[in-house]
Amino acid sequence: MATVAIDPRLDRKTSDFIAQQHRMYIDGKFVNAASGKTFSIYNPATGEVMAQVPEAESADVDQAVRAARRAFDEGPWSRMSASQRGRLIWKLADLLEEHLEEFAAIESMDNGKPLAVARAADVPLAVDLFRYMAGWSTKIMGHSFPISASGEYLSYTLREPIGVVGQIIPWNFPLLMAAWKLGPALAAGCTIVLKLAEQTPLSGLRLAELIHEAGFPDGVVNVLTGFGEGAGAPLAAHELVDKIAFTGSTEVGRLIVHAAAGNLKKVSLELGGKSPAIIFPDADLDKAIPGTASAIFFNHGQCCCAGSRLFAHESIFDQVVEGVSDIASRIRIGSGLDPLTQMGPLVSEEQLQKVTSYIDSGLSEGANATAGGKKAADRGYFVQPTVLTCTTPQMKVVREEIFGPVVCALPFSDSDLERIAQEANNTEYGLAASIWTRDISVANKMAKRIRSGTVWINCHNVFDAALPFGGYKQSGWGREMGGEVLNNYTEVKAVALAL
Ligand code: NAI
Ligand code: MG
């Protein structure tokens, strides 16, 4: 049984929830794994075990998929009106909003992020996403077409739900990633098996309780806890799943594509990034310096779109490096629950090892740390916000996604936008970029030349339910959010009627 380290700063309800005997949500019921197995959830600020959750394997995945299949094929979900679906999603948003404080605390305990960040970003963005998608339920429509075949026809398209959807999410924004996935699939009328990240399942399990309370019919949403190989892989391969939506590493993205080949289920992927933040010499440095620091340090760099390659023109390079390094060295590191904390621990021991070994590899290849460069505490998974200079485009730290608070600063001397863009685009990824300049022509020319799914101008990490998000190149397939995401969850049916 778990040794529950209840933090005295948590209220009773939240500690009770974290300590409770957790169950997964399958076919409208809260259940243990068929095998009875459980696994431990760690507090990243201390490394202590704080909860046990069921370990789903193939048998549980199969049960959940069959429940979702029945709910899709037999109703009542599939017979509900779009408006009824929308109201249920809206109700879920209301319930989530009512429990904002509780979710923020769970998220902070489970992921390590500062409570204030979860309160201001993760939870309200999830609420907003559900409301935005509730509105889409009644606006998913086809078109009518004049066709030129001989004879007289009425022809139109229908947009129909794609069916049973498997969704696999990561740990960096556990609740928000669940919302990004569930919201549009529900709006489209799909049924869902959601597999939570093994590091951070607690907010998703609490969300399952609210889904139950909101009154979604049994089997419409099923929520599993388990590991990638044990639970994610059988979900991605399952013959009764029509579509798989994945967010995580590019490496696992490739495995998902292979697993999906069996029944050629549709696939959407939101993968890694190595996003450039590019500061031109005319930029307002009072905004660009804190802006590019936040581009990498927000959420401890555990963002797929983190601005991890900082390009600054040589005329301002030293000033930028000094400014960003100064911010980095003043960031207060501590437990997410401490109100003074600006950066919490990384999510897991594994990520701590990964991030510190990237820093070591950069330093041993000749990089210089102008801030940070080390693990930050004896216990918990803390790492110092780190700025590396003297890096070259060949180094691993510049090429690979680190997924931690580590930025590589690179000067450029060019004024030719094509060549600057070429350097920024010199990565297998294409998720996001930010451009910092006062020249609207430079800003918009660069926006066109960058090969990524998002370009921010004089800002970074701006998210909105209405803004599509996703990747070019190896950063993924398809888009999350906006109206675009509905393409992931609908099929188009053409109907031609001879009159
Ligand atoms: P991961 O890609 O292994 O895990 C993400 C999700 O996929 C989890 O739910 C996991 O259980 C599941 N999964 C793992 N193996 C699977 C398989 N064979 N079949 C089906 N599902 C599987 O990512 P991980 O190991 O947590 O982090 C490793 C690196 O991935 C990070 O350092 C970072 O570079 C990147 N990453 C990128 C994210 C993004 O938002 N694009 C989010 C999380 C990680
Ligand atoms: Mg992994």
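Predicted model: local features only at pLDDT ≥ 70, side-chain atom pairs only at ≥ 80, totals over all residues.

Of the 499 residues in the protein, 57% are buried.

Let us turn to the overall build. The protein contains 16 helices and 22 strands. Its C-alpha atoms fill a box of roughly 70 × 70 × 40 Å along the principal axes. How does the radius of gyration stand against that of a compact globule? For 499 residues such a globule would have a radius near 23 Å, and the protein has 23 Å, so the two agree. As for contacts with a separation of 6 or more, 73% of them join residues 24 or more positions apart.

Next, the spaces within the structure. The second largest pocket holds about 260 Å³ of space. Of the 13 residues lining this pocket, S40, Y42, E198, Q199 and S348 are the closest to its centre. Strand β3, residues 38-42, and helix α12, residues 349-364, each supply at least two residues of the lining. The most comes from β3, which gives four residues. By class, the lining of this pocket has six nonpolar, three polar and four charged residues.

There are also cavities. A search of the whole structure finds five of 30 Å³ or more. The largest cavity has a volume of about 70 Å³. It is lined by 13 residues, and those closest to its centre are A306, S308, E401, I402 and F403. Seven residues of this lining are nonpolar, four are polar and two are charged.

I shall finish with the backbone. Most residues other than glycine have a negative phi, and most peptide bonds are trans. Which peptide bond is cis, with omega near 10 degrees? That is the bond from G75 to P76, and P76 lies in the loop between α2 (58-74) and α3 (82-98).

Two residues other than glycine have a positive phi to note. C390, with phi of about 55 degrees, is found in the loop between β15 (386-389) and α13 (396-399). M481, with phi near 65 degrees, sits in the loop between β21 (479-480) and α16 (486-489). Is M481 buried or exposed? M481 counts as buried because its relative accessibility is 3%, and buried means under 20%.

Terms used:
Residues numbered from 1 in each chain as written. Chains lettered and ligands numbered in written order. Heavy atoms only, no water. 1 Å grid on protein atoms, 1.4 Å probe; cavity = no way out; pocket = protein on both sides within 12 Å on 5 of 7 lines; lining within 4 Å. Points joined across faces, edges and corners; volume = space filled by probe spheres on them. Nonpolar A, V, L, I, M, F, W, Y, C, P; charged D, E, K, R; others polar. Rg over C-alpha atoms; globule rule 2.2 N^0.38 Å. Buried < 20%, exposed > 50% of the residue type's maximum accessible area, 1.4 Å probe, protein only. Contact = heavy atoms within 4.5 Å.
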